[in-house]
Amino acid sequence: MMIISTSYHIFVKEFVSEFRTRYALNALLMFVVTTLSIILFSIGQESPSIDVLSGTLWIVIFFSAMSGLSRTFVAEEERGTSLTLRLLVNASSVYIGKLVYNFALILVLSVIIAVSYVLFITEFTVKTFEIFWLTILLGSAGLASASTILAAIIAKANTKGTLFPVLAFPILLPLLLTCINATKLATEGAFLVEAVKEFQILISFTVVMIATSFLVFDFVWKD
Amino acid sequence: MKTWLKIAVSVWLTGIIIAGIAFPMVKVPQTWYEFPFIPGLEEKARNIIFHVPISWATVVAFAMSMIYGIIYLRKKDIDYDLRSVSSASLGLLLCILATVTGAIWAKFNWGSFWNWDPRQTSIFILLLIYGAYFVLRSAIDEEERRATLSSVYSIIAGVTVPFFIFVMPRIMSGLHPGSLGDEQGKGPVLEFKMAPNMLMVFFASLIGFTVLYFWMYSLKVRQMRIERHVQQITETH
């Protein structure tokens with residue numbers, strides 16, 4: 001299977017070039033620390049409701065994804081390496097490689113966010129950990145699936161930074177609302193079975209997004 | 001569009017507006033022009049003749065924009081992009097109209113202009129998608145690249161629409177018919193329980209607004225083509 005091995009190499013290339021500078025990872029970790037401390041400052045002595053807290057958790061995850069995931073394609077355009085990549089491998093491998101890398105990045109990030117969120121915000125008590133971690137996993141997959149194609153789009157536009165959240169928000173909203181719902185269920189101590197509907201939505205969203213992106217990525221990449 | 005069709009749709013929609021506003025609502029309808037008086041909905045029920053067809057036309061405009069986007073990607077003819085963006089700009093107008101008529105109805109039936117009912121959320125997201133679409137277009141200078149990328153964006157946005165129409169109303173409780181917790185109508189398509197004469201006006205309005213959309217669309221496409229032509233002439237001279 002050609003496509004698997006080339007995709008794997010794209011993934012490794014992303015990983016290596018990231019670890020050479022650790023720019024994205026460091027910037028993102030600082031972003032997480034900053035937003036979490038702002039939340040902690042603003043909470044102070046108050047005890048906000050669990051609904052508000054599960055909403056803010058996904059706000060933090062959404063905006064850290066927005067600041068981190070666009071880099072994969074924007075950096076290619078900035079360094080002028082996209083032409084070489086286009087010559088060497090076919091579009092599908094580039095897409096799959098970058099999708100997997102984005103998924104790994106956002107998964108690591110959301111796990112860090114979720115762990116520190118549970119540790120530092122004492123009012124936020126998770127009762128059903130299976131639902132909580134499955135939501136984090138599937139939510140990250142959904143975020144990565146939609147943001148990879150959008151990152152490819154905005155890498156070709158003039159104003160890259162502000163455009164990404166504007167384009168991504170309406171598309172990711174069904175995902176975010178479902179994630180918030182599932183997180184609420186986890187904090188209420190629901191059984192795993194009760195969250196099946198939410199997981200079905202998350203999985204189908206991810207599958208639909210990846211399938212569509214896979215079909216249209218060629219047009220964006222070769223443009 | 002043919003002249004007779006333009007005259008026909010004008011007369012048709014005038015008739016619907018008169019019927020929708022002026023037909024009396026009585027407890028026990030006797031003649032063909034009397035609508036039934038439903039407690040709770042009362043005279044506000046008339047809005048269904050305008051609000052629902054406008055929302056429908058919004059969806060048609062969005063679908064047309066996406067379909068022309070797909071054709072553009074296949075054929076790479078810039079004229080299809082003009083059609084796609086014309087439809088999207090009309091869709092934005094209709095979307096605002098649907099939101100406003102819906103918000104007014106919500107104020108007088110449910111008590112507030114906005115209450116994040118699943119369908120209100122969906123129309124709000126549709127507004128955001130249209131907004132993002134035009135922001136994306138304005139961020140790209142090159143004509144063909146703009147056409148390709150905005151087509152791709154409308155496809156990506158288009159595949160999320162089923163989640164709003166079919167999925168969200170099922171998991172969120174809402175006020176529209178067909179939402180979770182509504183005993184009478186479970187499902188995205190309502191069971192029609194309107195009086196037959198009202199149903200006829202409703203469907204007539206649905207057809208009328210759809211044809212009106214196509215009329216406006218053909219005008220918009222011609223305008224866009226002329227604008228592009230003029231731009232090309234001024235650029236070469």
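Two residues count as in contact here if their C-beta atoms, placed from the backbone, lie within 7 Å. On that basis, in this predicted model, the contact between the two chains draws on 25 residues from chain B and 24 residues from chain A. H5(B) gives the largest share, with 15 residues of the side that touches chain A. That side of chain B is made up of 21 nonpolar, 2 polar and 2 charged residues.

Within chain B, there is also a helix pair to look at. The axes of H2(B) and helix H6 (residues 196–236) lie 9 Å apart, and the two helices pack at an angle of about 40 degrees. They are therefore oblique to each other, and H2(B) passes H6(B) in a right-handed crossing. From H2(B), the contact uses B:Ile48, B:Ile49, B:Pro53, B:Ile54, B:Trp56, B:Ala57, B:Val60 and B:Ala61. H6(B) answers with B:Val201, B:Phe202, B:Ser205, B:Leu206, B:Phe209, B:Thr210 and B:Tyr213. Sorted by type, the residues of this helix–helix contact come out as 13 nonpolar and 2 polar, with no charged ones.

B:Lys76 is not a glycine, yet its phi is positive, at about 55 degrees. As for its surroundings, B:Lys76 counts as partly exposed because it has 13 C-beta neighbours inside 10 Å, whereas a residue with 12 or fewer would be exposed and one with 20 or more buried.

Conventions. Residues are numbered from 1 along each chain as its sequence is written. Chains are lettered from A and ligands numbered from 1 in the order in which they are written. This is a predicted model: local features need pLDDT of at least 70, side-chain atom pairs count only at pLDDT 80 or more; totals for chains, interfaces and linings use all residues. Helices (H or I, at least four residues) and strands (E, at least two) are DSSP runs, numbered from the N terminus. Ala, Val, Leu, Ile, Met, Phe, Trp, Tyr, Cys and Pro count as nonpolar, Asp, Glu, Lys and Arg as charged, and the others, Gly among them, as polar. Axes are lines fitted to C-alpha atoms, for helices over the stretch in contact, and angles run from 0 to 180 degrees between N-to-C directions. Angles under 35 degrees count as roughly parallel, over 145 as roughly antiparallel, 65 to 115 as roughly perpendicular and the rest as oblique. A crossing is left-handed if the near helix is turned anticlockwise from the far one by less than a right angle, and right-handed if clockwise.
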